[in-house]
Amino acid sequence: MPDIRGPLVTALAVGLLPLLAACGGGGDGSGKSASSSGSSSGSGATTTTTAGGAVQLTVPDGVDDATKKQYIEENAVAVCMRKQGFTYTPHVQSSNAADPLAAVDGEDYARAKQFRQKYGFGYYAGAVYPNDPDVPYSKAAMAKRTAPQDHDEDGLTDAQKKAYDIALTGPPAKSKAEEKVGGCSEVGRAAAHGPALSAAAEKKAEKARDNANHANGLALNGDSQLVQLAQQFATCLTGQGISVSTTQPTGMVDMVRLDISRQLPENFMSMSREVALPLLNKDIGIALKDLDCGKKFRAAYFPKEKAKPYYGEDG
C-alpha cells in the first residue's frame, strides 16, 4: 500500500517536516560567538539565553513526549552551534499550527469538510487560488514554506557558510555509503533520543519496527468493525459513481484521493485558472462524497490506527 499521505507530502515536506532545514547560522568565522537574533521560534514558546549566549526555547507545559524531545534536540543544537562560534535559532513547530494534511485526510470531519468545500483534495486549488497561502501547491504557500524563518545567515561569507554547514551536520562524506548526519545535528539528536545505535542494533531495531508495522496492518485489516464499515463505505462510494480499488481498511482511508493523484495531469500545478476551475469543481464534488461516505469509517479507523500505527508495507 502506498504512503497514505500521498503526493501532498512531496510539496509540504519542504516546510513541515525537516526542523533543521529552516534554520540558519551566523558567526564571524573567527570562533567568536555572533550575537543572537533573538527571533522567536515560530512556535509561540518563550525564549531564554544561556550564559554562553545560545538562544533556548522554554518547553511549554503539557506537551507530549515527542514534542518535548523536539525542544530538547533544537536547544542542544543551538548550544552546540554557539560553542562553534555560530548563532542557531531553535525552531519547533507548534502543535497548534495549522497542518494542511490534517485538513485533507478526514480525521477531523468538520475541518476536512470546511477544507474540501472550497479546495477539494487540494490538487487544483493552487492554480485557482494562487495567492492563498493555506492552499497546497499555491504560489503563496510555496513561497511561505521556503522563506527563511530567521536571519542567522545574514552577512556570512561563502567560507563562513561552509564552516557553518560543517558545524551543523559534520564534514562531507567521502562516499555515499558513508553519508550520515553529524556535527551539532547529531549532538542534538543524541541529547533527545540517546546515543546512536550500532549498525547491527539499528538493523535489528528497523526489523522490529517493520514487523510491528506489518502486524498492525494485519490487525487493522482484520478488525471486524473496520471491515464492516469499510464495506459500507465502499458501497456508498459505488452508489455515488466513484470506483473502488480496495476494500481493505488500511487502503480505504485515503483510497479515493490516492486514486485521483495517480491520474493527475503533469501540469496540474501550473494550469491557468480558467482550465483548473472546472477540474477543481469536480474534485470538490468527489472529495465531499468521499468524506460523507467515509464519515463513520474514519471515526472508527483513526483512533484504532493511533493505537496500532501503520505506515504502509512500502514504508
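Colleague: Which residues in α3 meet which residues in α12?

Modeller: This is a predicted model, and in it Tyr109, Ala112, Lys113, Arg116, Gln117, Lys118 and Tyr119 of α3 meet Leu280, Asp283, Ile284, Ala287, Leu288, Asp290, Leu291 and Asp292 of α12. By class, the residues of the contact of α3 with α12 divide into eight nonpolar, one polar and six charged.

Colleague: What makes α3 roughly antiparallel to α12?

Modeller: Two packed helices are described by the angle between their axes and the distance between the axes. Here the axes of α3, residues 109-119, and α12 come within 8 Å and cross at roughly 160°. Angles over 145 degrees count as roughly antiparallel, and therefore α3 is roughly antiparallel to α12. The crossing in which α3 passes α12 is left-handed.

Colleague: Which residues of α9 and α12 meet, and how do they divide by class?

Modeller: Phe233, Cys236 and Leu237 in α9 meet Lys289, Asp290 and Cys293 in α12. By class, the contact of α9 with α12 has four nonpolar, no polar and two charged residues.

Colleague: At what angle do the axes of α9 and α13 cross, and what is the handedness of that crossing?

Modeller: The axes of α9 and α13, residues 295-307, cross at roughly 145° and come within 9 Å, and α9 passes α13 in a left-handed crossing. The α9 side of the contact consists of Gln225, Leu226, Leu229, Ala230 and Phe233, and the α13 side of Lys296, Phe297, Arg298, Ala300, Tyr301 and Lys304. Seven nonpolar, one polar and three charged residues make up the contact of α9 with α13.

Colleague: How do you know that the buried residues of α7 line one face of the helix?

Modeller: In α7, residues 183-193, the buried residues are Cys184, Ser185, Gly188 and Ala192. Seen down the axis of α7, its buried residues fall within an arc of 110°, so they line one face of the helix. Among the elements that cover the buried residues of α7 are α2 (65-83) and α6 (158-169). Just after α7, Gly194 takes a positive phi of about 95°.

Colleague: Why is Ala127 counted as buried?

Modeller: Buried means under 20% relative accessible area, and Ala127, at 10% relative accessibility, therefore counts as buried. Ala127 lies in α4, residues 125-128, and, leaving aside residues up to four places away in sequence, touches Phe268, Met271, Arg273 and Ala276. Ala127 and Leu277 are 150 residues apart in sequence, and yet 8.1 Å apart in space, C-alpha to C-alpha.

Colleague: How many helices and strands are there in the protein chain, and what percentage of its residues is buried?

Modeller: The protein chain has 13 helices and two strands, and buried residues make up 40% of its 315 residues. Among contacts in the protein chain between residues at least 6 apart in sequence, 68% join residues at least 24 apart.

How values were computed:
Residues numbered from 1 in each chain as written. Predicted model: local features only at pLDDT ≥ 70, side-chain atom pairs only at ≥ 80, totals over all residues. Heavy atoms only, no water. Contact = heavy atoms within 4.5 Å. Helix = DSSP H or I, 4+ residues; strand = E, 2+ residues; numbered from the N terminus. Nonpolar A, V, L, I, M, F, W, Y, C, P; charged D, E, K, R; others polar. Buried < 20%, exposed > 50% of the residue type's maximum accessible area, 1.4 Å probe, protein only. Arc of directions from axis to C-beta. Axes fitted to C-alpha atoms, helices over the stretch in contact; angles between N-to-C directions. Parallel < 35°, antiparallel > 145°, perpendicular 65-115°, else oblique. Left-handed = near helix turned anticlockwise from the far one by under 90°.
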